[in-house]
Amino acid sequence: MSSWSVNNIPKIETASLIAKLRQISALVKSSEEEGIQEDSAGELQALFNRLDELAALEVNEKSIDTILKSPDFDSLIDSISHFRFLYNLKLENEKAKSLLESPDPWGTLRNFTFYPNYLQLARTEYTGSGIKPGNCILFLGSGPLPLSLIVLCHEYGLFGIGIEQDEKRAKLSREVIACLGLSESIKIVEGNHFNLPLETRCDLYMVAAQAEPKKEVFDHLAKILPGGTKVSYRLYEKGLRRVMDGSSLFEPPSGFEEYLRVQPKPPVNNTVVFLKRR
């Protein structure tokens, strides 16, 4: 077994890990969405895959603390998180377009590698929030392939609203939803958290892991949501994913009370946190 996968990583290996993160950070620091979308040589894909391998490492609390206290931690993680966000968008765009080109869109969707993850996350969010068929959910930061909305609305008979701030991604997601025959169940609104509240009453507000800036988003939600409104968001609490995802360090404002936290079970890596507006 590789020494990278054990729980008790010595100091020298922690230092080596930080050095690897710094090296990758330097390589991706100037990455822009257009350049990533046009990555034909596969160099950026190799870096993305390497980051995924590092993210899966099991590291102990002492190692985590050492990484968090690195003097350049904020800038290092900012550049890596930004790159991972943009590369995930590239993958989502490619998957969305493959659905549109497929003679069997639902078959193509179910063959996506992470589809089982979304099925399990949807089940967690459906049961944890206590919503019922016919209820309305809102997903903030729905992206070009709004899998969470697609699975929840298709599997549980919900009505969904996605908020997506990028015009092209919003348009692509509408095309995907129409291709899957879900236009009556899911509506995509172009905008961000400042578009809230909408006229439609929602029973659950879901905040995407990549919806940023997280504090600003939740501060706004705390101002506009009535007492008792349910909100959920996802984070990583295991392994190196914990420090590579800014949400894991985020604490909701005082206007919210956490009432449930569901730890992940394979194949899912995300913890799901459920809140209520006080």
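P213 is found in the loop between strand β4 (residues 204–207) and helix α10 (residues 214–224). Helices here are DSSP runs of H or I with at least four residues, strands are runs of E with at least two, and both are numbered from the N terminus. A cis peptide bond joins E212 to P213, with omega at about -5 degrees. P267 sits in the loop between β6 and β7.

A word on what you are looking at: this is a predicted model, in which local features need pLDDT of at least 70 and side-chain atom pairs count only at pLDDT 80 or more, while totals for chains, interfaces and linings use all residues. Residues are numbered from 1 along each chain as its sequence is written, and side-chain values use heavy atoms, leaving out hydrogens and water.

Now find helix α7, residues 115–129. This helix has 15 residues and reaches 21 Å from its first C-alpha to its last, close to the 21 Å expected at 1.5 Å a residue. The expected span is 1.5 Å times one less than the number of residues in the helix. Which residues of α7 are buried? They are Y115, N117, Q120, L121, A122, T124, E125, Y126, G128 and S129. The elements they pack against are α6 (105–110), α8 (147–156), β4 (204–207), β5 (230–235), β6 (256–262) and β7 (271–277). After α7 comes G130, whose phi is positive, near 75 degrees.

Why does T124 count as buried? Because its relative accessibility is 17%. Leaving aside neighbours within four places in sequence, T124 is in contact with V262, V272 and F274.

Next, look at how helices meet. Two packed helices are described by the angle between their axes and the distance between the axes. The axes are lines fitted to C-alpha atoms, for helices over the stretch in contact, and angles run from 0 to 180 degrees between N-to-C directions. The axes of α7 and α8 come within 9 Å and cross at roughly 65 degrees. This crossing of α7 and α8 is right-handed; the rule is that a crossing is left-handed if the near helix is turned anticlockwise from the far one by less than a right angle, and right-handed if clockwise. From α7, the contact uses Y115, Y118, L119, A122, R123, E125 and Y126, and from α8 it uses L147, S148, V151, L152, E155 and Y156. By class, the residues of this contact divide into 9 nonpolar, 1 polar and 3 charged. For these classes, Ala, Val, Leu, Ile, Met, Phe, Trp, Tyr, Cys and Pro count as nonpolar, Asp, Glu, Lys and Arg as charged, and the others, Gly among them, as polar.

Move on to helix α3 (residues 43–55) and helix α5 (residues 73–101), whose axes come within 11 Å and cross at roughly 115 degrees. The two helices α3 and α5 are therefore roughly perpendicular to each other. As for cut-offs, angles under 35 degrees count as roughly parallel, over 145 as roughly antiparallel, 65 to 115 as roughly perpendicular and the rest as oblique. The crossing of α3 and α5 is left-handed. On the α3 side, L44, Q45, L47, F48, L51, D52 and A55 take part, meeting I80, F83, R84, Y87, N88 and L91 in α5. This contact of α3 with α5 has 9 nonpolar, 2 polar and 2 charged residues.

Helix α5 also meets helix α9 (residues 167–179): their axes come within 9 Å and cross at roughly 35 degrees, in a left-handed crossing. L89, N93, A96, K97, L99 and L100 of α5 make this contact with R169, L172, E175, V176 and C179 of α9.

Finally, visit D245, in the loop between α11 (241–244) and β6. D245 counts as buried because its relative accessibility is 8%. Not counting residues up to four places away in sequence, D245 touches L235 and Y236.

Key. Buried < 20%, exposed > 50% of the residue type's maximum accessible area, 1.4 Å probe, protein only. Contact = heavy atoms within 4.5 Å.
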